[in-house]
Amino acid sequence: MNIGYYPGCALHGSSNDYEQSLRACLGALDVQLQEVKDWICCGATAAHSLNHKLSLALPARNLALAERDGHKELFAPCPLCSMQLLKVQKAIAGNGLRGELAQIVEADLRGDGRVLNLIQIFQNIGLDRLKAAVKTPLTEITAACYYGCLLTRPPDVAHFDDFEQPTSMEAVVAATGAKTVEWSYKTECCGAGMTMANEDTVLDLAYKILSNAAAHGANCLVVACPMCHVNLDMKQEAVNRRYGKKLGMVVYYLSDLVGLAMEISAEQLGIDRHFVTKA
Amino acid sequence: MGALAPTHLQDCYQCGKCTAGCPVAARMDFAPNQLIRLLQLDNSDAALRASAIWECVSCQTCSARCPKSVDCAGVMDVLREFSLDKDKGEVKAAKSQHAVIAFQKAFLDNIRRNGRLAEMELIGLYKADVAWHTGRIGVLFKDAGLAPQLSKRKKLHLLPTKAKDRGVVERIFERCSARRSAHCLGPEKK
Amino acid sequence: MSRIGVFTCWCGENIARTVDVDEVAKRVAELPGVCCSLNYKYMCSDPGQAMVREKIASEKLDGIVVASCSPHMHLKTFRKTAQTAGLNPYLVEMANVREHCSWVHHDKPSATAKAIDIIRLSIAKVCNNVPLKPIQVPVTRRALVIGAGVAGIQAALDIADAGHEVIVVEREPSIGGKMAGLSETFPTLDCSQCILTPRMVEVGQHPRIKLYSYSEVEAVDGFVGNFKIKIRQKARYVDVSKCTGCGDCWSVCPLKKNPSEFDYGMGMRPAIYIPFPQAVPARPVIDKKTCAKLIRNGCGLCEKKCKAGAIDFKDEDRVVEESVGCIVVATGYKLYSIAKVQPKASLSGYGEYGYGKYKDVIDSLQFERLISASGPTGGVFKRPSDGTIPKNVVFISCVGSRDNAKGLPYCSKICCMYTAKHTMLYKHKVHDGQAHVFYMDIRAGGKGYDEFVRRAIEQDGAKYYRGRVSKITQENGKLVVRGADTLTGTPVTIEADLVVLASAMRPSDGVEELAQKLNIGYDEHGFLMESHPKLRPVETNTGGVFIAGACQAPKDIPESVAQASAAASKVQVMLAADELTREPEIAAINEQTCAACYTCLHTCPYHAIERAEVRTGRGVFIKNTARVNAGLCMGCGTCVSVCPSKSADLQGFSEQQIYAMVESLA
């Protein structure tokens, strides 16, 4: 199956291990990612914090480009991107704003495509098909599924899973044969884009997330967001230093686990490019 | 201010659930419910100067749990935008928050130039700004050890791909910088 | 032909300041049909009324118009006056020249002209009035009380003590309602069962109360004074006439692990059980969902053990009929379901509080059972998960209430008071325990109520934090409660052993279906609608049906009891005589011209029209017709407007009268 693909800046930047994982895993499941031609940044946190109009215009341009490329569904693996796209879709539904934005972004804009996150991609493929594709069940993995903020919130924009007690990621992980744990920080924020500018906050939040996962019996985390991955993986060493711990929690992308279960190698999936790797 | 926020500020009955669920509330000078209260009392000045609006991580927990469906996260966005809006009289935000503001500004400037984020350029210009404004030279070298680590993992892109049509990006920015029209976030509540 | 008298009132300055009453009297005297026209300062006063009576006699009037205030004020007064003077009271009309004229205009000449026009209308109407007689409806002098919680019990006792027979229908195996399960009541901290059970016994033994327990109202037919009720007595599988309540059966029942409904799941009960020791009637019931004999013909130990031979596995539901004149609905409340699954699409649950996920997150009624001296933990306050004694208990107010996002915007009124009570009961049992309360406001408006809450804080050391709770998680056997204190603007995190959620009050299950059977209204939350929120709190818009207690709106025990007595007094008014008098200004159908299309029957909002037959004196069928039930019709006029053959008309406000009024202005 072909699907429109909006990588976003992170996946072409320092989170390109996420893109590698996606291409390897989804490729093996016959999902071809068709990158939107000449996409631009979605604006992420900076746009909605500093310029409301811009925060609508930038993702609107990308929706228009995806439509121009003929995509009815658009896969945005980064939830900051998918939330921006969903927000502008909601904003233009049934009012004159659509025309105004079309003019600003210099492209026709319908806003009627379906924006999907990684979990939804796996749901579209079908959990039964995933189970059937598993060659080695991941019985040694006991994962804490970490959703972060923007996969499920705000609920009236995301309309995805239960925003207080989500279970969609657990269902995908269970299909790989791995175990999941019930824990308390599934949807607590990791600090998102504050990694550089407010490291203090990020380390505090990341520590709470990592240690709660460990306290509830997980031996790793699973994420579907590049920002979460950076804060929990790249910054784990800094967390250890500040709090005097040796957390040793590998942070997998969801596509990593599915890929591993299908016997795609860790190198092919880019897992060896994480900061925290299995000892 | 109330008319330009995507929500009905009068609905807030100060229950504090936003403050209770905010991951960074303990760091804030004004808690989220207090910021809304300041706006209810027409004291937007104090709200715009709060460092709280820059501590906010936009996690949306406040808006998702609010029993009166007040979009507290949206109000934070508006406060941030207004506090820097030259037309409204730029507010000198708390010095402690300079780094966050500088980062967001540098981010937007970066994508205005490149269409997509050029990470190294962003980090370089951001650090230079912070070092210059706070006088802390150490900022330039902080996490410098990460660079070789990223490079080893092929995560460092010295020459990132830019968007081809950067002209349209510049024009989009230009159009969105024009004087603010009525807030267009869809139908206002009630 | 007509001899109409017109009496224009000054109403002091109210009318006379803006309307030239002398001019009015003079001009009105010239109108056709008017043979007497005068004005007076206060028409409703004794001399005013005497004037009217005198003129009726001396001028031989056959109709009068009183031009004064709204008929809502004094129509009854002047009807009585006319009747005393020998004139049929329905030959009286009131022309409203106050609310409709002098009170809303300033210009005297225009107001005067308008007043004359208004009077002209009334004259045209009264010329076409026909004498009417009030309708007498026979009354069955018995009452039905649906629901036997404290409100139902109070109403039943009041009506029965007044000398009328009362049928009481209660859905549960025992009467007593929610109050029977409470530990102690505010503000006196009386033991709840101790003050209620004497009343329960009185109901069980009262010579004029017929109690149908474990029963439900199946169907309601009829109208005020003449209701026919079908009651379904659910099968107990125990013959109550033989059973002595000795308890051998429930001691021997091997299936002891069923969550007890009375204990809200905090304790267990056998398959054959009595809900609590002081139950009225003190007879057990068998749960057909779990009894081994009923499901797969096993066990049967209770039957063997019963010395009275009272166990009857062949028992079946029985439907009985009763006739009553009035109904009191006192179906009480249930707590809002905090967990994710909700009975209505407009409601959502609190996934963030972990109710249903964490055993030690309970609701307020469950707390009552745990702290109760006669509760499932025998008066020792233990927490559900591991039976340890909690040292830190968090109480959260407004769970469900005052929460538009979850679907219940209203305040449940009692939670602030019972939460304060809970902190006190907890402290009295666990001396080294600490109670923490997260609240938004304190609603303590009753007698001694505010002092009661302050006692909880000032004397019993409860810690109150002003703020809602965002999330509850569980770490290492403790419940981490993340709340806020808005007075300091800080988040507050408490590690609790137990969390008690003050859940919203909602109407009982099935109340909407019952309301439809009774033809009474309910609001969007399911609370039954009173006739007028200020002046008629216990009446409904359906004659003969009254409401009392929490089914009408959230309220506490003193208010429920007061409303129950109020409803009982309304019932007593209605049952005071053998007949009810109703105003005759209702619809009537000309059966000669009626085409029996029954459009009226289908549109009547009071179901007051019946199918009937016209027969000769000897019973030979002539035609079908529609017929108005004089006991139910409220005179709204809907049938008149829809009848295609103009057979339906309103007595006292006929189409002919309306046309005459309109033409009088032409």
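Residues are numbered from 1 along each chain as its sequence is written, while chains are lettered from A and ligands numbered from 1 in the order in which they are written. In this predicted model, local features need pLDDT of at least 70, side-chain atom pairs count only at pLDDT 80 or more, and totals for chains, interfaces and linings use all residues, with side-chain values resting on heavy atoms and leaving out hydrogens and water.

Strands are DSSP runs of E with at least two residues, helices are runs of H or I with at least four residues, and both are numbered from the N terminus; two strands pair if DSSP finds at least two bridges between them.

One of the residues involved is Asn2(A), whose bridge partner in β2(A) is Gln32(A).

Helix α7(A) also has a helical partner. Two packed helices are described by the angle between their axes and the distance between the axes. For α7(A) and helix α14 (residues 254-261) of chain A, the angle is about 35 degrees and the axes are 10 Å apart. On the α7(A) side, Leu118(A), Ile119(A) and Phe122(A) meet Leu254(A), Ser255(A) and Val258(A) of α14(A). This contact is made by 5 nonpolar residues, 1 polar residue and no charged ones. In this scheme Ala, Val, Leu, Ile, Met, Phe, Trp, Tyr, Cys and Pro count as nonpolar, Asp, Glu, Lys and Arg as charged, and the others, Gly among them, as polar.

Chain C has a sheet of its own. It is an open sheet of 4 strands with parallel pairing, in the order β2-β1-β3-β4. Strands β2 (34-40) and β4 (92-96) of chain C stand at the edges with a single partner strand each, so one side of each is left without a neighbour in the sheet. Strands β1 (residues 4-9) and β3 (residues 63-68) of chain C pair in the parallel sense over 5 bridges, and Gly5(C) stands opposite Ile64(C) in β3(C). Helix α1 (residues 21-29) of chain C lies across β1 and β2 of chain C, running at about 175 degrees to β2(C). Helix α3 (residues 71-84) of chain C touches β3 and β4 of chain C, and its direction makes about 150 degrees with that of β4(C).

Next come the interfaces of chain B. With chain A, 58 residues of chain B are in contact with 57 residues of chain A. The area buried between these chains is about 5,200 Å², of which carbon and sulfur atoms give 59%; buried area is the accessible area (1.4 Å probe) that two parts lose on being put together, summed over both. Between chain B and chain A there are 8 salt bridges, each a side-chain nitrogen of Lys or Arg within 4 Å of a carboxyl oxygen of Asp or Glu. One of them joins Arg65(B) to Glu164(A), with the closest N and O atoms 2.8 Å apart. The side of chain B that touches chain A has 27 nonpolar, 11 polar and 20 charged residues.

With chain C, 18 residues of chain B are in contact with 22 residues of chain C. Chain B and chain C bury about 1,400 Å² between them, 50% of it on carbon and sulfur atoms. In chain B, Tyr13(B), Lys17(B) and Ala20(B) lose the most area to chain C, together 35% of what that side buries. The count between chain B and chain C is 1 salt bridge; Lys17(B) forms a salt bridge with Glu352(C), the closest N and O atoms being 2.8 Å apart.

Conventions: Contact means heavy atoms within 4.5 Å. Axes are lines fitted to C-alpha atoms, for helices over the stretch in contact, and angles run from 0 to 180 degrees between N-to-C directions.
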